Structures are given as structure tokens and as C-alpha cells.
Amino acid sequence: MAAREPGKGYAIESFSVHQMVEARGEELGMSTIKAIFRHTPAPVVFVWLTLSAVLSLLLLLGNMPNGDVDDLMKLHEIRHLLHTGNPFDRTLTGIAQPEPMISHWPWIVDAPYALLAIALAPFVGMGTALSAAAFTVPLLLLLAALTLLFLVIREFEFDHPGAVLIVAAFAGLPALSEFQPWRIDYHNLQMLILLGAVLLTIRGAPVAAGLNGALMALSTAISAEMAPFLALPAGFYALVFIAGTKDAGKDLGAYGLALAAAGIAAFFVVVGPDAYKSAACDRYSLLHLTALATAGAVLAGVSLTRGIGRWYIRALCLLAGAGATAAILVFLFPQCAGGPLVGLSDYVRDNWLSRIEQERSIFFSADFLGSDRFARFFVAILGTAATCILAISASTRKRAWWVLAVFSAVGLLLGLLYLRYLRFFPLFVGPGVALLVHQGIPASLPLRRYFAARSRDELPRAWLLAAPGVAVIAALLLTYLVWPPRAAKLLGVDIANACAQASSGPHFIWPKGARLFAPPDIGIAALGSPEELDVVAVPFHTSAKGIERVLRFFDPATSDPTQLLDQTKATHVAVCRVEETALQPVEARFPLASRLATGKAPEWLTECPFAGPLRIYRYPASGGPAGQCPVMGQ
């Protein structure tokens, strides 16, 4: 036998062991993935793969149906979390007004992306890992959402729930677009909570009610925006309790106790020790902890009166508890009585917040009803109306239909009053649309049976299911034609922001210490610069002071715009490049904005020699970095 070279045999043995461990790891990884798919219903996998392909293709084509600047802000926030490693530090770097900006989003909405990026970083680098996380996490959340949606559909005892899921995915596409890769705003997480709340409310029982209370606390910790939706389960439990239904008191008590306990736990998870005593109005704080703990204690306490008195005694107890809770909050936190955005000045409200499309009512949106965006909701509106008709006419699965009808109808009503809520209600319309399709297909066609439900109910005719939805759509369009909303008045910042798109931001390498004074949408895009850069304004209410200074800078009523540059310590100014002929009709009304957009800057600014969608100016009076222009980045 040949002699073994020193160390060679051991190297071969070590390599073999490494291969075995690696193979075992791959086997475990593959077995985990197989286990997930084995326990996931086949229709869910099919719909998930189809939607993932469609949404990914749209992204490659540059189309994000629900995309907005929140995605850019969230990406910057995740980078900040990865850089600091401190989840409680919500003071974001790079946004200097010069006051610091504190994010109103908790770290838990960033955690899925940050954790996946950390896991992938050793193999591909942090930049690529974060991009992979931004692509992958929304699709994984979509799988979870479709699984919950499938479980909701099964509560209605359809013969073929998989076929109904396909209909629900089509009708709910305006909502499911929130799960598109790189759509990393927190709304997709909130949608998971909403679907969970619907499922638990339908199922009933104390355990489900307790989980619902915990979901309410978790959602509030993320954002109080969802309170109108997540108050619905509490209202449902309260009404059933008032009606004296058997075991309703147990459900109400379990919900209240879980709400209070989860609200307290969320406080210590989300809020850092240095902020325990603060009462922020726009993010989870002592205010929200008090609201959840008090409301939960009231519900749990009132549930103990289930055997006392008539229904109106129970109703009065609940009303008294609700009134006492509201009084305590107003007494302890009067500074927040005006709502979460109470700190905004009237100038910012009128010239920025009220002009954001999703912050308007549908009746005050100049173009929503007359655009193809509204057409995306036609099927969902039909489904909402059909669901309400089915809830009224149902004799079996009545609780399920009523829960779904309330969630979808409230979502539609909220969306009409406040456009941001339109993204949610299409989640709940699948069963209604499926039975509308079932009734609309001739009985002779085999396809009809795929949308049938095992129910003793005699279903309303197709025309009755469709008529209310058609009436709603017609009424909205008629209202738009008869009383069209007035277009927002033109402002100087509109001229400076005329090219504002996420992809058209300044892709430059800036001199060290540069601070950019620009409209908020340009500012948020600039945070993606290859080198560190401070910006004065981004389109978020916590940047309100910077936003106001930018608005006033381009406001012709401002006598000395340079004071605003000095206040913010700006070194550079960025505006959109606009052809002079396009601005001739308004040049006299907005002289500074027009001059900057067309390259005729005042003497206190110096233009940098760049082509592209933006004009960049130096502000020499600030000294330091203002002496240099940025250079084009890759």
C-alpha cells in the first residue's frame, strides 16, 4: 500500500466530513421547503406562483401599481437599523432640517428585511443582500396572506375553495399588489393582521377572541391607521354580548384581557427605555399603551356582568366604559386630542398634506374617479355589494357572511372618505364575487359547479347580487360628472417638483458634508446616493419643518429665500429641469421656481453643469462643501 503523504489523508477526511455536513444542511433546507409546500394547500401554491410571476414581471417592466415614496423611506430606515444595530433608535440619519427626524414606524416592520439581509450578507454582501430581502420578503408575506385568505374561504363551505381562491385573487389584486417585490411599506404586514382578524372573528370561541385582541395590539404598535378595521371585532363581540348570546361574555373577556396584556407587552418590545415616559401622538407610546390597557380592562370587566340585568344594562355598561376610557385619554394626553398629526402647521396641511392623493376623500380627488385606477376597483365594489346581499339573505354560515360583509363594507366606506383605505377592502370580497359568478353562469355549463357552496340557502339571482354594486359605481361616476372636484391650485414647489419620480432622483456622489435643499420627493430619492448626504425635506409628516421651509422657499410671498437656505445650512439646491416654453404662462407668478427650473438662477446660486431631469445648484454663501459640485454616480 502506498505511503500516505503527511496530512493529506486527514485533509481528505475533513473534506469528506464537510461535504457530508453541507449535504445534510442542504437536505434539511430542502426538507424544510418541502414541508412548507406539503402543508400548504395546492391551490394556494398555484395562485402564489402565478401572482409572484405577474408581480415580478410588472416590476421588471417598471410598473408598481401601489408603489410610492414610502418604499424609499422604508429602505433608508432598514439601512439605518442595520448600520446602528439599535432597534430603538428611530432618529434617522441623513434627514436634517436641521432638526432630527424621528420615524413613526416601529422597528418590527423592518425586522423581516433586516434579518434576511443579515443572513445573506456573508455570501453576497450587505447591499445585494438587502436588495434580495426587498424582493423576497413581500413574496413570502404574499404566501402567508393567500394561506389566510384560503382559510377564510373554507369557512363558507364552498365545494371547490381553490377555484374561489383564484376568483378572490383576481378581485383582490388592487390589495394584493401591496405584496409586489420591493413594495416594502408596512401595509402588507397590516393586511396579514386584517385577514387573521377576519378569520378569528368568524370562528369565534374564547381562544380566537384572545388572539384577536393580541392582533389588535400588534397592529396598533405598527400604526394606529388600522384602528377603524381592528375595532370591528371588538364591536362584534360587544354586540353579541349585548344580545345575550351564549358564551359571548367569555369571548368579550378573552378579547379584553388579551388586548390589555398584548398592549403592555408591545410597549416594551417597540419602545426604548429612554422613551417610556414620552407620549408621542403619531407612534406607539404611553398614550397607546394607556388606551389599549384601559379599553381591555373595561371589556374584561364588563364581560363579568353577563348574567346581570337586561340587554340595555349591558349596553350602558359598555358605553360608560368607552366614555371613561376616552375621558382618561383626553385628561392624561390633551396634546394629542387633535389626532396623530396635530403638530403640523396650517401652512403645511394646506400646501402639502391635503394635496397628497391618498390623504384626500374620493370626492375631492381631481382625477381618481375619472382614471383607470378607479376601474381597478370595479370588481371589488361589485363583490362588496354582493357580500352584503348574501349576508342579509343567508340562513346558514350567517356569522361568516356578516363578518365578511362588515369588513368589506366598512373598507369601501372608509376608502370613499379617505383614499388610503381603498387598498384594503378588496381582500374580503372573494366569496361574494364567487357566488356572483356562480349565479351569472348558465346552469348548463360545467364551470358553474366550481363556485357552488354547500348551503341550504336559496341564493339571490345574479341581477340582485350585481345591482347594488353597479348602482354604487354609477352613482360615483355620475357625481364626478355633475360635481367634478376642483384641481389643486398651482404652487411654486409644483414647478420645482415637476419631474418627481423615484427613479429620476439625483444619482450623484456628493462632496462630504453636503446638504441638499429640494422638494420632498427629490429629497427622498437623493437618500439613495452612493455617498452619505443630508437632505432637508422628505415627504413624511415627521419632516414637517423641512417641508415647510422648502414650500416657503418657492413661495413668491417669501421676500428673502436665502434665509431658508441659511436656516437649514443647505449647500446645494435641486429642482426639476423644465423647458422655458412650458413655464411662460406662469413665470410671472412664480419667478424663483421658474428661473431655477429653466436654468436662469439668481446671483446667489451657481448651476452645476449636468444634463438629465434635474438641475443642481451650489449655494456658495454657505461655504465648505458648497464649493464643489457633485459628480455623476454609477
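**Aromatic pairs in a predicted model**

The chain has 25 helices and nine strands, taken as DSSP runs (H or I of at least four residues for helices, E of at least two for strands) and numbered from the N terminus. The radius of gyration is 28 Å, close to the 26 Å from the globule rule for 634 residues, so the chain is as compact as a globular protein of that length. That radius is taken over C-alpha atoms, and the rule is 2.2 Å times the number of residues to the power 0.38.

A word on the source. This is a predicted model: local features need pLDDT of at least 70, side-chain atom pairs need 80 or more, and totals for chains, interfaces and linings use all residues. Residues are numbered from 1 along each chain as its sequence is written, and side-chain values use heavy atoms, without hydrogens or water.

Now the rings. The whole structure holds 23 aromatic pairs. A pair means Phe, Tyr or Trp (six-membered ring) centres within 6.5 Å; planes under 30 degrees apart are stacked, over 60 edge-to-face, the rest tilted.

Take Phe377 and Phe425. They are stacked, 6.2 Å centre to centre, with 20° between the planes. Phe377 sits in the loop between helix 15 (372–375) and helix 16 (378–393), Phe425 in the loop between helix 17 (398–417) and helix 18 (430–440), so the pair ties together parts 48 residues apart in sequence.

Buried or exposed, Phe425? Buried, at 0% relative accessible area. Phe377 is buried too, at 6%. The cut-offs: buried under 20%, exposed over 50%, partly exposed in between (1.4 Å probe, protein chains only).

Last, a cluster. Ring pairs link Phe229, Phe407, Tyr418, Tyr421, Phe424 and Phe428.
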